[in-house]
Amino acid sequence: MEELKKLLIELENIIPHQELMNPLVSKSSVGWHIEHALLTMNLVLESIHKSNPENYKRTFNLNRILVFTLYKIPRGKVKAPRAVRPNEDFNTDSLISHLEKGKTNLEKLNALSANHYFEHPFMGYLNLKATIRFIKIHTNHHLNIIKEIIESKN
């Protein structure tokens, strides 16, 4: 949980760089990556809160095993689902709004049982522990892209 809070702080600290772009690193701006990471985190956290732990079923999933073992998402292999694709009209206020929503959603995690779950389109059912791990991996994936864009501008 503390790691997720630190990731939110890291995303918040990068907001002033939201306009930066480097098409050699990514077609999208720093702001797009921040917004996408926050949209994903919030959608996943809201989904896990709504889940019924009695319906959780662990299944074998090679994608999950690879991503969780390597602690890395391959770049450019998957297009973000529409639900977590940022609108082009995001701004500082919308980023901060998503950030605050993320903080609120994180606080609610303490009330969940181990078998609350999120159903990921490529990795299948992720229980609470696996969901938290996915959010960390996904957010770090976008933070690495963001850092690369920022470093290329210095």
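**Exercise 1.** Work out how many residues of α2 are buried.

*Solution.* Start with the element: helices are DSSP runs of H or I with at least four residues, numbered from the N terminus. Next, apply the cut-offs: buried is under 20% relative accessible area, exposed is over 50%, and partly exposed lies in between (1.4 Å probe, protein chains only). In α2, 16 of the 21 residues are buried, leaving the helix mostly covered. As for its span, α2 reaches 30 Å from first to last C-alpha, close to the 30 Å expected at 1.5 Å a residue; the expected span is 1.5 Å times one less than the number of residues.

A word on the model: it is predicted, with local features needing pLDDT of at least 70 and side-chain atom pairs pLDDT 80 or more, while totals for chains, interfaces and linings use all residues. Numbering runs from 1 along each chain as its sequence is written, and side-chain values use heavy atoms, without hydrogens and water.

**Exercise 2.** Is Thr 139 buried or exposed?

*Solution.* First, locate Thr 139 in helix α5 (residues 128–153). Then read its relative accessible area of 1%, which means that Thr 139 is buried. Finally, look along the chain: Leu 4 is 135 residues apart from Thr 139, yet their C-alpha atoms are separated by 8.8 Å.

Definitions and conventions: Helix = DSSP H or I, 4+ residues; strand = E, 2+ residues; numbered from the N terminus.
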